[in-house]
Amino acid sequence: MEVIELKNADRTLPQRVKEFGGIDLLACYQCGTCSSDCPVGTEFFFRIRRIMRKAALGLSEQVLPAKDIWCCTTCFTCFDRCPQDAKPTDVILALRRVAAREGYTPQASRNTSANITKFGHAVPSLEEIEKKREAMGLPARPPTAATYPEAIREIQLIVKKRGIAEIIRFNWEKMELEG
Amino acid sequence: MSEDKIGAVLVVGAGIAGMQSALDLADSGFKVYLLTEYPSIGGYMAKLDKTFPTNDCAMCIISPKLVDVAGHPNIELLTNCDLLELSGEPGSFKARIRKRTRYVDEEKCTGCGSCISVCPVEILDGFNENLRGTKNIFIPFPQAVPLKATRRKETCMGCGLCKVVCESGAIDFNLTDSEITIDIGSVVLAPGYKTFDPELMKEYRYDHPDVLRSIEFERFLAPTGPTGGHVIKPSTGEEPKSIAWIQCVGSRNERLDRGYCSSVCCTYAIKEAVIAKEHVPDLSCTIFYMDMRTFGKGFEEYYNRAKDEYGIEFIRCRVPSVKVRTDGGLFIRYENEEGEIEEREFDVVVLSVGFQPPDGNRELARILGIDLNKFGFCETGEFTPLETGREGIYVCGAFVEPKDIPETVAQGSGASAKASALISTSRHTQVTEREFPPERDVSGELPRIGVFVCHCGINIASVVDVLAVVEYAKTLPGVVYAENDLYACSQDNQKHIQEVIKEYNLNRVIVASCSPRTHEPLFRNTCREAGLNPYLFEMANIRDQCSWVHMHEPEKATEKAKDLVRMAVAKANMLQPLKTIPIEMNHECMVIGGGIAGMTAASEMTRQGYRVYLIEKEAELGGNLRSIRYSLSGEDPQELLRRMIEEVETNPMIEVMKSTTIDSIEGYIGNFKVNLSRNGEKREIGCGVIIVATGAEEYKPKEYLYGEDERIVTQHEFEELMDEGKLDLSGKTVVMIQCVGSREEERTYCSRVCCATAIKNSIVIKENYPDADVYILYRDIRAYGFKEEYYRRARDLGVIFIRYEKDEKPEVTKDGDLLKVGVVDQLLKEKFIIEPDLLVLSAATIPAADNPRISELLKLPLTEHGFFLEAHAKLRPVDFATDGVFLCGLAHSPKLIGETVSQACAAVSRACTVLSRPFIESEGTIAKVNELICSGCGVCVAACPYEVPELVVNERGALVARINEAKCKGCGVCGCGCPSSAITMNHFMDMQIMAQIDAFGAT
């Protein structure tokens, strides 16, 4: 059994979660509603109740680097069911924001973010697909931001201004991720 | 405030709270108007099958109260009525009331049920939670009070069949609603509650036939319910193999604006599971819960028995939803305590629905000008739970806060004390004492027995051949008259019996009907009205003992009914008139204990107009309240303490005796003699009633290094240190450990107050030192009622709650100068080490050390744990089995200040039912000693549970037993034990009993 000295716990975590949108984290009374009806939890060992618990206790080292918080599909079932209105989905999202700022963004999320920054779309356009689309009589590119250079520039502006580039460590010179 | 106060009270709501309030008021010299919107009194309790934790049948214990209310000369029933307006001022109100017509003349209706049997229209039966049908003209349940039919106009097809069959001509479709105005001095509110509607939580699939609300399941368990007490899976009608209970449906739920705990659901779910298992032994019962809140007296033991003896499974997880398989079966998915997701199928799912305010609460508040709290319950103060904030209007029961039956009964009595205190100078001004004609002397007459055999509607007559029993009765020796009655107990039949007694010059009366426990007093009074001594009445119970238990064997049931009637006649031939004697009584009260319970009781008693001796063994008043410095709501307990001390010490009607111990108590109700010592000085006082308010103590822990380090304190000690400014907790870490000395093998009960206390003190710390870390280590958080709100507040403030298991307790160690607490978090299964600067132990509340001595002095029983044992766990929470002695506060069991105040007022109300009488009347059925035969052996002295017989040397110089007529309860133990047959029991004399036995053998 793991032994944890609570004096080493991160007292600032609940406050940071609050600041990033998980405003009712502390309302949680550990009833298990969220875990029990979580569609991800039935397939994987993903337990929202534990995440809520660790966040409230300030166990940053257990919560922030772990993959758990990135497994949530944000289906909002727990949000709807929580009897204390602790808004677990919001807590998960807030934890992601905190984790990201501490450099714990998973590579897949960084890649996706980089794609959006570069191409205006999470999935970059592939030449093969463009050919197929044209063969079917469709425009080569779907009518997403990726098709409109002006929209891509706007996205890049958001990425710059909101500090997302620093969080995912995006190099504007090379237009790619660092490390 | 009006000078001419009106000695009458309006009680709004006629469930168990309203009934108790009405009975207490009416028994202490006030006129009562008991109003309910429903056609019958009884409330929710009448719907319940059994009651926890004793598993008493609810109807069996409420039925005598229903009859008491129905027959009370000073209670006027206003059923099917609405309160429209209240005007005037405290002491002199006017209430305008609408009487909704039943379309049945209450004066004429005998409750025979003929109309019901012919009515062709079926409607849903609300009493049975719409689980079956009833007729459009109906009586809600067989024991309904008043037993009068009610027609629903909206659904009536107007065929008029009911009018045709009604022999008393009671039904009149042209009757209309009417209004009355009554004059009253005060008002008691007891409108009760409503259960949560699970339609608001679609995820629980209440639309599925096998998902039931707990109150529906209760009806399935009840013998008077839709299946006659047979537990079924509604979709198939088969016996279920598994049932799940889901707790907190509509409780502890912020999302639904019901952030309070309904307090009773945990224990009622346990009860339903246990009773269901008794019905279906192989049944698997599972209760899904968050915190098991069995905090009441005897509840924790009930929970333990359910687990250990009945094999009820308890799973700690709040169930998010009930799921339905494609084949219609039900299943539940939950996270178990190991963190695994499990799925389980159940035949039936019971939703433990919570309490919510009754419909019409806002309208009621508007009419009365009172405030409601944010949930719509009545707003009351933490220390003044019976007060609405408007003088002259008092409140009790679940409308104050969700609560169980004993607390409701206590508050019913408590509100009665409050309502009557206001108008105590007008006691006896509005009541009518029942006057009886002089008794006819029947000595020297041969027995002339009349036998009245009751149909009890169909209760008896559908099984027993009543006419055959009547014809048989006519053949028995001494019987000069016999007849059958549709309802022997109906009001009009009482007049009829009196006429028959006179016409046939009867001198013995037998009613063959139901239980003497509920109906004997009624028929005895009927005899008295006809000029007969009440002890010339005898009863044969041909309902419970014939038609109910032999319902499938009508012929045998009829034969048995004849046997019972023959035996009753044999005894009646031997019955003798008995005299009761009025005994002078003392109208003062002694209160033992000067804590908040005793001081409240003393103060309230003087407001009723009675003098009080307040006895305190310590040099100071206040008891445990002296250590309580904070409250949940922010009221100041020390201000309460100062106010109460000043009140009792300056009240000219209270004699406060501090540093005083009781040496002996003799006597009986109305006439107690008490010997006291104060610093070696002796004194004798007399009183008519005694209130035991001896309090309790905070346990001095042997656990967790208590006493070995000054940083380890109890909650009381914490409050004193904190309040006196001796703690600076800035940036410090505080750990609180719950259940220290409670819920253990040696002390199995829950101390009830500790969760609220820890929450309260944690909030105090966080509000004063936001940077302090507070951890509360608990087993179940029992923040019942509105205290749940404070549990939430503590969490919001950052207090961390860590649950531990009974078998894996926290470890407290000292590492050099460092205190260390190790605890295994039950969710994460990780061990936490906390280094507290202060460790606060939530120590058990233990019985006062003096309890055994007080119990000895007053011959009062104690519970296995050493608290005082009340007369009845459910319906007599502040009475003792010993008449004239009452109980309140921590002496009864651990409780919070408000609950103590309620109970103290209740004890006063109960005591006033005694003190308001001019004298005490002795019982007729008591033991008598024939001193010529008595050998003075003392067997009776040893055998009597009430310590009544005494050995004395009589005028002839013989050592004999003597029985005090006023004290004797007539239980008969002495008579059975007497080896020389020197003791006879009036009304149960050997020759009477032998005649019955002989008659049983004869055919």
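**Group meeting: chains A and B**

Let me start with the strands: S1(A) and strand S44 (residues 830-834) of chain B pair in the parallel sense over three bridges. Two strands count as paired if DSSP finds at least two bridges between them. Within S44(B), B:Lys831 is the bridge partner of A:Val3. Helices (H or I, at least four residues) and strands (E, at least two) are DSSP runs, numbered from the N terminus.

Some housekeeping. This is a predicted model, in which local features need pLDDT of at least 70 and side-chain atom pairs count only at pLDDT 80 or more, while totals for chains, interfaces and linings use all residues. Residues are numbered from 1 along each chain as its sequence is written, and chains are lettered from A and ligands numbered from 1 in the order in which they are written.

Now the contact between the chains. How many residues does each chain put in? Chain A gives 31 residues and chain B gives 30 residues, where contact means C-beta atoms, placed from the backbone, within 7 Å. On the side of chain A that touches chain B, strand S1 (3-5), helix H2 (33-36) and helix H3 (48-57) each supply at least two residues. The largest share, five residues, comes from H3(A). By class, that side of chain A has 13 nonpolar, eight polar and 10 charged residues. Nonpolar here is Ala, Val, Leu, Ile, Met, Phe, Trp, Tyr, Cys and Pro; charged is Asp, Glu, Lys and Arg; the others, Gly among them, are polar.

Staying with chain A, the domain assignment, automatic or from a database, gives domain 1 (8-101) and domain 2 (107-177). Their centres, taken over C-alpha atoms, are 30 Å apart.

Next, helix packing in chain B. Helix H15 (residues 596-607) and helix H21 (residues 897-915) of chain B pack at about 40 degrees, with their axes 8 Å apart. Axes are lines fitted to C-alpha atoms, for helices over the stretch in contact, and angles run from 0 to 180 degrees between N-to-C directions. That angle makes H15(B) oblique to H21(B); under 35 degrees counts as roughly parallel, over 145 as roughly antiparallel, 65 to 115 as roughly perpendicular, and the rest as oblique. The residues in this contact include B:Ala597 and B:Ala601 of H15(B) and B:Val901 and B:Ala904 of H21(B). By class, the contact has 10 nonpolar, three polar and one charged residues.

Last, the axes of helix H10 (residues 466-474) and helix H14 (residues 554-572) of chain B come within 10 Å and cross at roughly 35 degrees.

Key: Two residues are in contact if their C-beta atoms, placed from the backbone, lie within 7 Å.
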